[in-house]
There are 2 protein chains.
Amino acid sequence: MSSKWQSIYDCKAYAILKRLAATPFDLSAEKALTPERLQKFFCKGSAFDLLYGCQRVTTEVLDALQSLADECDLSRQFGKMRAGDVMNRLENFPSEERQVLHTSCRDIFSRNPICEPATNQAKAELVKLKAFLEELDKGTICNARGQSYNTLVHIGIGGSDLGPRAIYEALLPYRRKDRVVHFIANVDPDDSAAVLENVDLSRTLVLVVSKSGTTLETLSNETLVRTALEDAGLDPARHCLSVTGESSPMDNPNHYLRSFYLYDYIGGRFSSTSMVGAVMLGFALGYEQVLEFLQGAASLDEASTEKDIRSNPALLLALLGVWNHTFLGMSTVAILPYSQALHRFPAHLQQCDMESNGKSVQRNGEPLQIKSGPIIWGEPGTNGQHAFYQLLHQGTEDVAVEFIGFRKSQREKDIQLKGSSSQQKLIANLLAQSMAFAVGKNDNNPNNRFPGNKANTILMGDKLTPESMGALLALYEAKIVFQGFCWNVNSFDQEGVQLGKVLAGEILSAMDEKDDGKTLAKAFLTTAGIK
Amino acid sequence: MSSKWQSIYDCKAYAILKRLAATPFDLSAEKALTPERLQKFFCKGSAFDLLYGCQRVTTEVLDALQSLADECDLSRQFGKMRAGDVMNRLENFPSEERQVLHTSCRDIFSRNPICEPATNQAKAELVKLKAFLEELDKGTICNARGQSYNTLVHIGIGGSDLGPRAIYEALLPYRRKDRVVHFIANVDPDDSAAVLENVDLSRTLVLVVSKSGTTLETLSNETLVRTALEDAGLDPARHCLSVTGESSPMDNPNHYLRSFYLYDYIGGRFSSTSMVGAVMLGFALGYEQVLEFLQGAASLDEASTEKDIRSNPALLLALLGVWNHTFLGMSTVAILPYSQALHRFPAHLQQCDMESNGKSVQRNGEPLQIKSGPIIWGEPGTNGQHAFYQLLHQGTEDVAVEFIGFRKSQREKDIQLKGSSSQQKLIANLLAQSMAFAVGKNDNNPNNRFPGNKANTILMGDKLTPESMGALLALYEAKIVFQGFCWNVNSFDQEGVQLGKVLAGEILSAMDEKDDGKTLAKAFLTTAGIK
């Protein structure tokens, strides 16, 4: 039986929220931001608390958002997704018709996994990974000279790159001191060249990640690296690994030392907890750390099944996002982690969110009459405070802000200066910005005025570890999925990538044929040399 | 005599453009994108050509944009800025009242510099830098053991960080093989800890960059690094350099081996061609490469004085931006470099643009009745094609796209695969995306439809070198300045950073005093531990 797929504007709660949005709560009003409000609009989570007192909401708005969640059947759809329903589909039109089971990759700790076949496949890959990592440690897998591998070059693009890269950067303090990872994604030949300049290929494993085994950028980069291996007198089959679909062109023991599998029910942008992230992470941190990471994600998935929006940070974050975007009209969301380690996490979310919900067709094939997903962008604070925050405070674009912070630093190496540690300064700045956005400030000089009333939330965790990283990742995955259900779009396909691929192929053909280039605006004026 | 500072909506051209914007050119119409159009809407520049056939403009629109440029006196204001007029000011209200002379840092090749006093100051710093770099090479500056310095840790934030970092990353292939640079910006103690784990402090120079000499994040990080030097038994005064204002607290020979000066007429976000960028670049690449970089910027400044918008890429890019933002209502600009080396350049532009033009008060102190600067974001292609391009193609937000590409790769290390090199694939993808955004595609399946008609430009250069990097930087600096003039905002102050600073100080005090925290919503509920 299918879930109830309903247009958001057919919900009763939609009309109520529309009405409430005409006069939203004004954060900049006198005494709007009381301790009582901050305390009340606080959602305690297992890994992350959500502070939403600086959102433009009232109890009435929250009640209406709860009704919206109930009418859209968000929790039930989330449950069906985890259980293996075919959620990647359109009604009435041809579509991918796939299950969406990234959650199964981490549902490995329960005696009764929700979708046992998928979890069993995930477990089988983890067994392979554990054995492989043990062989690396024992030295039974080594280079031709008997030396251990100390470097991994991870080759992938989009979903096979951004998540793993963000997570690796986030967890650097937990890295084994004898191992390092580099990433190659771009078809730009300078991307691979820059990495190859800095590695000793003889001690390098090359992990090629492509579900289809046919991604052109990834194949080009793999070929570049294989050529470099051969030029260095090394046997690529001894150095190369793959993460790919079973029986894809990259599932070939003649070419790869090991192949780890990724199944068609896991979309690229949701694949970080599959072998796409786990092989790299296992090499860099160790197998136990992979399990901690998965445990964090599993716990968050479980917590996200809660129907009460006030007790479910992922669901609440999703609905506050819908409030800001659909009802208050904010086009963009700035993700601002007060953690340098998360410097690539906004880029991962940009992909995961915008590729999922950047759609304009509902799941019944009808055009969506309102806006779907927002633009996601962001950089770490405090850096951003000295950069683009000027526009957030005093500019003319209204941006929804999502702060992320941690009470402790990762390494806890700190100093006191002017009465506070750097970590205290960091957190004080996060809270100060949240308040400054909300309350604003008047001044006789118009140039020194801050209008305030800028909506923001804070996700606050204790410390960034493999486990909390897994939780943070799963929290945002769930947020994105909830919003997609709400807007009634299929968050799991990406037809928007097709046209560019086709045209790139045609331009390459025209370049290749050296014809007079009548096609494609003269192959874009002889490939933009013009004339 | 002051320039003519006029509200954009008081210009005659404003009304004309408003009228034209009601029925803008439709790029997705049958045969809209002809070779003739692409050839005609092409602006030949010295370092970068601007291809704007995929903008929603006609000859009539361009003529009106030319009139707008003329009425707003853009070229003359640019000239006055370069000549040393006090352009950083408000009329009728207290303001910074400063000159804006970042261009003087590169106006060092002409016999008749436009603002001789500033250029003489820039030249004096370059002489100091040259001598310093020679001493490093000769070994007369070395560590206590007589070893050369092979590492530079650059400490700064915002304008003292993002530009230098983006440029360093862009020019890595030109780096001296015996030298490397690391950056620390964030007050997050994990930022400095991550860098300190990876350097041999005994062979490291520490460059601290702060115009005022009092930036809290930078001082904290300097203290952390000085402590680490002392802990390693090293003398900080032998390892530390500063870039700062003359006679600031950081202009102190007892604490710094050398101090290079930055003058108050150079704003942080425009400071990359001053000593803020030059010291790092001179260390990493060499003095001659610094001159090439400055030469590229100088030539572009000169080219940007041209009044004919069709012959001035920076001015034309600025006006096309005004057309998209002010008249067609696009809230954001995506900067998409098809060059992995430029991966941090969008973050620099995000700062430079949003901190300059994220204002809502005109230069006469009156509120701006329309929107000022847009939100700037972006990541390199082709990576983005596998990420957020889905939303650009099929989502519901209309984004103005600025592509940047180069005909050649930096290292020219490449391979052929399936009939083309990686560089050819890269450029073919850039052009294909440009066309796909413009023309779109119909389909019986609504999920496979592309509406098209998405405005985009291409900045196309030959190769990313120190010289073309300087040109690209100066081109965008000029674009931002032209747009600020157009919207009649003061692009050179940043009052929006003040409120957060004050509140952070108050929260730190409340934490410090361990009082009952009645202030500041109980110091944001005891610094977000809540309760």
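Modeller: Take Ala69(B) as the part to look at. Setting aside its neighbours within four places in sequence, Ala69(B) is in contact with Leu74(B), Ile309(B), Leu315(B) and Leu319(B); contact here means that the C-beta atoms of two residues, placed from the backbone, lie within 7 Å. The model is a predicted one, so local features need pLDDT of at least 70 and side-chain atom pairs count only at pLDDT 80 or more, while totals for chains, interfaces and linings use all residues. Residues are numbered from 1 along each chain as its sequence is written, and chains are lettered from A and ligands numbered from 1 in the order in which they are written.

Ala69(B) belongs to helix 3 (residues 59-71) of chain B. Helices (H or I, at least four residues) and strands (E, at least two) are DSSP runs, numbered from the N terminus. Ala69(B) counts as buried because it has 25 C-beta neighbours inside 10 Å; the cut-offs are 20 or more other C-beta atoms within 10 Å for buried, 12 or fewer for exposed, and partly exposed in between, with C-beta atoms placed from the backbone. His393(B) is 324 residues away from Ala69(B) along the chain, and their C-alpha atoms are separated by 31 Å.

In chain A, apart from neighbours within four places in sequence, Leu207(A) is in contact with Leu152(A), Val153(A), His154(A), Ile155(A), Leu241(A), Val243(A), Val279(A) and Met280(A).

Helix 7 (residues 189-196) of chain A is another covered part, with eight of its eight residues buried. They run from Pro189(A), Asp190(A) and Asp191(A) through Ser192(A), Ala193(A) and Ala194(A) to Val195(A) and Leu196(A). Their cover includes strand 3 (151-155), strand 4 (180-184) and helix 8 (216-231) of chain A, together with helix 15 of chain B.

A rotation of 180° with 0.0 Å of shift along its axis superposes chain B on chain A, at RMSD 0.0 Å. The two copies are therefore related as by a two-fold rotation axis. The superposition is by least squares on the C-alpha atoms of residues with pLDDT of at least 70 in both copies. Within chain B, the residue that comes closest to the axis is Trp377(B), at 3.2 Å (C-alpha). Both copies use the same surface, and 100% of the contact residues of chain B recur in chain A.

Some backbone details remain. The peptide bond from Gly381(A) to Thr382(A) is cis, with omega near 10°, and Thr382(A) sits in the loop between strand 9 (375-377) and helix 14 (389-394) of chain A. In chain B, a cis peptide bond joins Gly381(B) and Thr382(B), with omega about 10°. Glu412(A) is not a glycine but has a positive phi of about 55°. Glu412(A) is in the loop between strand 10 (400-406) and strand 11 (416-417) of chain A, and is partly exposed, with 13 other C-beta atoms within 10 Å.

As for confidence, the mean pLDDT of chain A is 95, and 95% of its residues reach 70 or more; pLDDT is the predictor's confidence in each residue, from 0 to 100. The model scores ipTM 0.96 and pTM 0.96.
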